[in-house]
Amino acid sequence: MDMEEKVMFKVKIEAKDLYRFFLVYNYRSVSGVLCVIASLASLVFLIGTFQHNEPLTNGILFFIALYFTVFRLLTLRQKAELQVKTNPGFQDELEYEMNQEGIIIRQNGEEVCVSWEQVVRVLETKDLILVYTSRVNAFILPKEQFEASVSEVKEQIEKGVAKKKCRWKKVRI
């Protein structure tokens, strides 16, 4: 019997990890990009027309400029903190095992198996590896929690997932 090559590690998702995922998800989508453009356009318009506008118009432009940048960031941080505190799935460590068939995730005596064929995309940021199983669902793997084996994890993913689905060039947020 062959010894199956596998990588095992444990992860406990913290608010900062979920927040970073939310940033990637929100600001890399079409709607996220449009929101940033609207915010910047409002700011440019406000600066260019400030003296000619009514105070209400300036207030609305200022609010739009702040909403999609500052307020949205604060809202995402608050959402991440709330989810980590209230969602039972974030209370305990997740144990990951990656092998030639896919990923096995264990937590509190339960086990879920995800085949490599179910992985639709893999993104890497400075702090995370995100393994997407749908457009909106991803396994969040904070690299700081398994630093010693990041290269092994990436290598195992590359063995199972088509190269075109992997984006190892660190995505900037």
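Helix axes are lines fitted to C-alpha atoms over the stretch in contact, and angles between N-to-C directions run from 0 to 180 degrees. Helices (H or I, at least four residues) and strands (E, at least two) are DSSP runs numbered from the N terminus. The structure is a predicted model, in which local features need pLDDT of at least 70 and side-chain atom pairs count only at pLDDT 80 or more, while totals for chains, interfaces and linings use all residues. Residues are numbered from 1 along each chain as its sequence is written, and side-chain values use heavy atoms, with hydrogens and water left out.

The predictor's confidence in each residue is expressed as pLDDT, from 0 to 100. The chain has an average pLDDT of 90, and 95% of the residues score at least 70. Where pLDDT is low, the predicted coordinates should not be read in detail.

Helix α2 (residues 30-49) and helix α3 (residues 55-86) have axes that come within 8 Å and cross at roughly 150°. The crossing of α2 past α3 is left-handed, a term used if the near helix is turned anticlockwise from the far one by less than a right angle (right-handed if clockwise). Contact (heavy atoms within 4.5 Å) involves residues including Cys35, Ala38 and Leu46 of α2 and Asn58, Phe62 and Phe68 of α3. Ser42 lies in helix α2 and, leaving aside its neighbours within four places in sequence, is in contact with Leu61, Ile64 and Ala65. Ser42 is buried, at 8% relative accessibility; buried denotes under 20% relative accessible area, exposed over 50% and partly exposed in between (1.4 Å probe, protein chains only).

Aromatic pairs were assigned to rings of Phe, Tyr and Trp (its six-membered ring) with centres within 6.5 Å, counted as stacked for planes under 30 degrees apart, edge-to-face for over 60 and tilted for the rest. The count by this rule is nine. One of these pairs, Phe9 with Tyr96, is stacked, at 5.3 Å centre to centre and 15° between the planes. Because Phe9 lies in strand β1 (residues 7-11) and Tyr96 in strand β2 (residues 94-98), the pair ties together parts that are 87 residues apart in sequence. Phe9 is buried, at 6% relative accessible area, and Tyr96 is likewise buried, at 2%. Phe9, Tyr96, Phe139 and Phe146 form one aromatic cluster.
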